[in-house]
Amino acid sequence: MMNSLKMNRRRFLGVSGGALAAATLGSGLGQLRAAKSEEDLSRFQKRGKKEYIASNCAMCVNKCGIIGEVIDGKLHKINPNPEHLKSRGMLCAKGNAGASLPYSPERLKKPLLRTGKRGEGKWKEISWEEAYRHVAQNLARLKQKYKNRSSVAFASTEGLQEEFFYYLVSGFGSLNTVRHPTLCLSTNIQGWSSVYGVYPDADLQNAEFVVMIGSDRAQSFITPDSVDFQRFKPKGQTLVYLDPRFTETAAKADKWFAVKPRTDMAFTLAMLYVILEEELYDKTFAKRELHGFERFREHVFANGYTPEWAESKCEIPADEIRWTARQFARHAPRSVIYPGRRSSFYAHEVYFRQTCAMLTAICGCWDVKGGIVPKSSVPLSSHTPLFPFFYDVKERVDKEAVGIVKKVVPSVVDCPLVGTGLPEDSCAFLSERDGSWITFREAVLHDEPYPVRGFVCFKQNPLQSVPNTAKTLQMLEKMEFICVIEQQMSDTAWYADLVLPHSTYLESWDPCHALSGIWPVVVARQPVIQPLFNTRTMFEISRGILTEMLKIPELWDDVEAEALEDFKKTVMQEILEQPIQKYMQHQLKDYPGGYERILEKGVLVPSQKPNYGKTRQNGFRFKTKTGKIELFNERFHKRGLDPMPSYCEPLRPQKEGEYRFLVGRTAWHTHSSTQNIPHLWEIMKENAVWINTAEAARLGIHDGQYCRVTSKVGQQTLKAYVTEKIRPDAVYYVNGWGRLSPGMSLVYKKGGSEAEILEDTMDSISGSAAMHETYVTIEKA
């Protein structure tokens, strides 16, 4: 039992670590913006040899506002942007360290063509014209050889230039695309959307009672949430935090519960039981807005999801569960179960997220100040590129691979919530463009339903991000052509045939992008400095490759002549062959002066006031099958899935001597992309495996001693961090180390890789990799 690891904020006032201490925060935020400094940086005017240029960070997904301080054409430092409403005038350690990226001696500078074996590290520099031709010729060769454009797969991660990567994808015509969401938050999206039809935000700045489960917002930054819950929360806000580890967020919480891994759902189901049994829910809201309320209430009672039952699962005292439920209902509607942005942890994750959404629904904590709020956005004018219809193209492999996936991925066959499989696809609700990395890789490895032999990858590093590196290497070995577009020699780039160097975000014009949320804004990028080397942006790369493709008749023999001419006109002539600034101006054409303002200020803020209550108006229809907030999900029911959440037992029991492996983040790194930056490397030179003090003593492992962590799929050797801050039945280390690429010299073969030991289990509704379903053993090295 881990009741002794329950901690009260008053007992740990001195235990913080302050992840945001590494951040630069504008002082005195008025109207949620930082006050201007004496130099009035918001004007960004030249001052002699010094100039200030507004842009937006790309060191993680947040796109925080930055101001580059440039002296004689060289970037001197990066400042936070006091005008940027979403980032609250904040700049973290990663954002500050970004100033060194353009000057890194290990950044990619010219196109590189492999001359030796893959992974051997033998390259020759070629011109961009040669590189473009090489890509176009290989795409044409594969298309002709397999009579199927989907024989080439395309992978990418989010970013402002990603839309131009999809110009290349759509110009070639493959349907096999895989993005990052099934390694990230797609289960969150599916779970919350199953109730509300959308994936909402939490109003942490105004909430009175907050429950966070596994979302370490004090270290894994999401703006404005990471700032609001620490700096701008209302007086008296209560934070309850569940995590098997004592994290930075746990240190800032009023109560921390060391929940037993994989049992979070028992806690939320028991909260629902208490609120329903004691009739603490919002009766008026339930009657007006909730579909399936009575059936769901009967479901909860019939299954006996009492706090005492939950205590036997999650090892959190029943009295504490009751207290949390009652406080949640008492403070409603200004109560939130934090939707979070984190990896998918378990094979039943969608249903767990569904219970979180249901808690906010029955208490009426929806679309109100201090509650859960649907995202607002800023509409931008879109372009209308016309891509051809291709005849030589087959359906994507991860929708056809259900037979293979049933054999190799435990979640599909063993999870009792899903049963023996899914009615149609290997994933019940697969987003077409996002794909499912786990099912996609299995399909490629088994050549089901057809061979995939080309791989074009834009700034994604699947060798470090997808569980089970050995399988990802096997997948890459099957490829006849691999092209990687990157800024650094990542592990995946190291195994490529052709590497195209992408400009850093500080050298790039990037299109406008609306950041949705409670406080929506529009961001874009302009060069803070001119490109230092022979690099290009994805806008330029797509233009170059597509131009070469148009010179190869065999690439267009399955396209109608009229469709090809439309493509040349609307994609090439009107968009890619024009300056990107024209593209940006079109995006902002409905905002007079918007383009000029976004260059001057770095951000467009239509309104500083949140818009609460629009979905509470009479006649509003939610994006669900019934148009109501659904506690009984009709889409799930139609697809043969359980329409209401039921507790799911582990796929298999934990054996003696095994530890559940946990993943997580740290404040100064983003996934596997920043570990080779010297300023951040100085903070953390290698990772270490967290192991509970008692367990370490039993195993004879001392703090700082090297040990071996072994799973069913791999083994890593790294230092031990012996601590009381983790449960005895779990271990943890942060992602990003144990690199395979010598081009990442600071972290090459240093520390341990998560991907090399994680098993490839998944949530079969969303297709997401389940990152916490791996057991490991530990021994002295």
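Trainee: Which loop holds E315?
Mentor: Keep in mind that this is a predicted model. Phi of E315 is near 65°, a positive value in a residue other than glycine. E315 lies in the loop between α10 (307–314) and α11.

Trainee: Is E315 buried or exposed?
Mentor: Buried means under 20% relative accessible area. E315 has 13% relative accessibility, so E315 counts as buried.

Trainee: Where does K147 lie?
Mentor: K147 is another residue other than glycine with a positive phi, near 50°. K147 is found in the loop between α2 (128–146) and β9 (152–156).

Trainee: What is omega for the cis peptide bond that joins T223 and P224?
Mentor: Start with the place of P224, the loop between β12 (209–213) and α5 (225–231). The bond from T223 to P224 is cis, and its omega is about 5°.

Trainee: Which loop holds P333?
Mentor: A cis peptide bond joins A332 and P333, with omega about 10°. P333 sits in the loop between α11 (318–331) and β16 (335–337).

Trainee: How many helices and strands does the protein have?
Mentor: The protein has 781 residues, and 63% of them count as buried. Its secondary structure comes to 26 helices and 32 strands.

Trainee: Among contacts between residues at least 6 apart in sequence, what share joins residues at least 24 apart?
Mentor: A contact here means heavy atoms within 4.5 Å. Take the contacts between residues at least 6 apart in sequence; the share that joins residues at least 24 apart is 76%.

Trainee: What is the C-alpha to C-alpha distance between I629 and I362?
Mentor: I629 is in strand β24 (residues 629–630). In sequence, I629 and I362 are 267 residues apart. In space, C-alpha to C-alpha, I629 and I362 are apart by 9.8 Å.

Trainee: Is I629 buried or exposed?
Mentor: Look at its contacts, not counting residues up to four places away in sequence: I629 touches V195, Y196, F285, E289, L290, H291, A361, W366 and F622. The relative accessible area of I629 is 0%, so I629 is buried.

Trainee: Which buried residues does helix α22 have?
Mentor: Helix α22 spans residues 580–587. What covers its buried residues includes α3 (162–172), β21 (510–515), β22 (521–525), α20 (538–549), α21 (561–576) and α23 (594–601). The buried residues themselves are I580, Y583, M584 and Q587.

Trainee: How far is the C-alpha atom of S382 from that of M584?
Mentor: S382 lies in the loop between β17 (372–373) and α13 (397–400). At 57% relative accessibility, S382 counts as exposed. S382 and M584 are 202 residues apart along the chain, and their C-alpha atoms are separated by 10.0 Å.

Trainee: Which residues does S186 touch, not counting residues up to four places away in sequence?
Mentor: S186 is in helix α4 (residues 186–196). At 9% relative accessibility, S186 counts as buried. With residues up to four places away in sequence not counted, S186 touches P181, S766 and S768.

Trainee: Which elements give two or more residues to the lining of the largest cavity?
Mentor: The structure holds four cavities of 30 Å³ or more. The largest cavity has a volume of about 100 Å³. Of the 13 residues that line the largest cavity, the closest to its centre are C57, C60, N62, C64 and C92. The elements that give two or more residues to this lining are β6 (90–91) and α1 (93–97).

Notes. Residues numbered from 1 in each chain as written. Predicted model: local features only at pLDDT ≥ 70, side-chain atom pairs only at ≥ 80, totals over all residues. Heavy atoms only, no water. 1 Å grid on protein atoms, 1.4 Å probe; cavity = no way out; pocket = protein on both sides within 12 Å on 5 of 7 lines; lining within 4 Å. Points joined across faces, edges and corners; volume = space filled by probe spheres on them. Helix = DSSP H or I, 4+ residues; strand = E, 2+ residues; numbered from the N terminus. Buried < 20%, exposed > 50% of the residue type's maximum accessible area, 1.4 Å probe, protein only.
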